[in-house]
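Please open the model in the viewer and keep the selection panel at hand.

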Amino acid sequence: MKQRSYKIKSYVNASHAVRWKSGTGKKHNHTWEIVCELHVFEGMVSFFDIEKSLGKAINALSGQYLNDLPEFKTVNPTVENVTEYLFNEIDGILRRSNAVLLRIEVSDSPTRSFCIDVTERKFPTEAEVAAEVAKQGNGDA
């Protein structure tokens with residue numbers, strides 16, 4: 001069975017300092033690479049619309065010191081935790097665009113990445129996605 005997906009790559013500049021048991025490391029910058037693989041429920045995807053939607057989550061990190069963001073006040077801003085945060089944010093955004101996130105890969109350097117892969121997940125039906133979107137539109141989420 002063929003599985004078809006789209007891949008969208010984004011970049012964002014942000015800094016962080018990893019917290020260790022012995023204290024907080026030195027603040028440093030990264031150009032984070034975010035690669036999203038997504039499944040669309042109907043036909044073709046409008047890359048412009050999807051990229052615009054993804055930009056809401058990704059651009060929220062742009063130029064930021066991640067340690068200062070509410071999402072990372074108590075969560076260590078490691079590449080693993082940034083990936084978890086972005087997965088949750090982006091999957092929610094995609095569901096409102098009739099798509100789901102299959103895989104996300106976040107790199108804080110050209111030589112290492114952290115990935116979350118849910119390609120084996122059961123996809124919601126188009127009707128379930130439409131109902132979820134309608135529910136969110138009514139403020140019931």
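Begin by selecting K26: leaving out residues up to four places away in sequence, K26 touches H16 and A17, where contact means heavy atoms within 4.5 Å. K26 is located in the loop between β3 (23-24) and β4; helices (H or I, at least four residues) and strands (E, at least two) are DSSP runs, numbered from the N terminus. With 72% relative accessibility, K26 counts as exposed. Here buried means under 20% relative accessible area, exposed over 50%, and partly exposed in between, with a 1.4 Å probe and protein chains only.

Before moving on, note the conventions. The model is a predicted one, in which local features need pLDDT of at least 70 and side-chain atom pairs count only at pLDDT 80 or more, while totals for chains, interfaces and linings use all residues. Residues are numbered from 1 along each chain as its sequence is written, and side-chain values use heavy atoms, with hydrogens and water left out.

**The whole chain**

Taken along the principal axes, the C-alpha atoms fill a box of roughly 50 × 35 × 25 Å. Of the 141 residues in the chain, 41% are buried. Among contacts between residues at least 6 apart in sequence, 65% join residues at least 24 apart.

**Distances across the model**

The C-alpha atoms of V40 and A99 are separated by 4.3 Å, although the two are 59 residues apart along the chain. V40 is buried, with a relative accessible area of 15%.

Next select K21, in the loop between β2 (19-20) and β3. K21 is exposed, at a relative accessible area of 91%, and its C-alpha atom is separated by 39 Å from that of I50, 29 residues apart along the chain.

Then pick E120, in the loop between β6 (112-117) and α3 (126-137). E120 counts as exposed at 77% relative accessibility. From E120 to Y65 the distance is 34 Å, C-alpha to C-alpha, for 55 residues in sequence.

**A buried loop residue**

Select N67, in the loop between α1 (47-58) and α2 (79-95). Is N67 buried or exposed? N67 is buried, with a relative accessible area of 7%. Its side chain reaches the backbone oxygen of A17 at 2.8 Å. Apart from neighbours within four places in sequence, N67 is in contact with H16, A17, R19, F72, K73 and P77.

**Helix α1**

Select α1. Its twelve residues should span 16 Å at 1.5 Å a residue, and the end C-alpha atoms are 15 Å apart, which agrees; the expected span is 1.5 Å times one less than the number of residues. Colour the buried residues of α1, namely I50, S53, L54, G55, A57 and I58. What covers these buried residues includes β1 (6-16), β4 and α2.

**Helix α2**

Move to α2, whose 17 residues should span 24 Å; the end C-alpha atoms are 24 Å apart, in agreement. Its buried residues are V79, V82, T83, Y85, L86, F87, I90, D91, I93, L94 and R95. Zoom in on T83, which is found in α2 and counts as buried at 0% relative accessibility. Leaving aside neighbours within four places in sequence, T83 is in contact with I104, V106, F114 and I116.

**Where the two helices meet**

Finally, show α1 and α2 together. Two packed helices are described by the angle between their axes and the distance between the axes. Which residues form the contact of α1 with α2? I50, S53, L54, K56, A57 and I58 in α1 meet L86, E89, I90, I93 and L94 in α2. By class, this contact has eight nonpolar, one polar and two charged residues; Ala, Val, Leu, Ile, Met, Phe, Trp, Tyr, Cys and Pro count as nonpolar, Asp, Glu, Lys and Arg as charged, and the others, Gly among them, as polar.

Note on methods
Polar contact = N/O pair within 3.5 Å; in protein donor to acceptor, adjacent residues only side chain to side chain.
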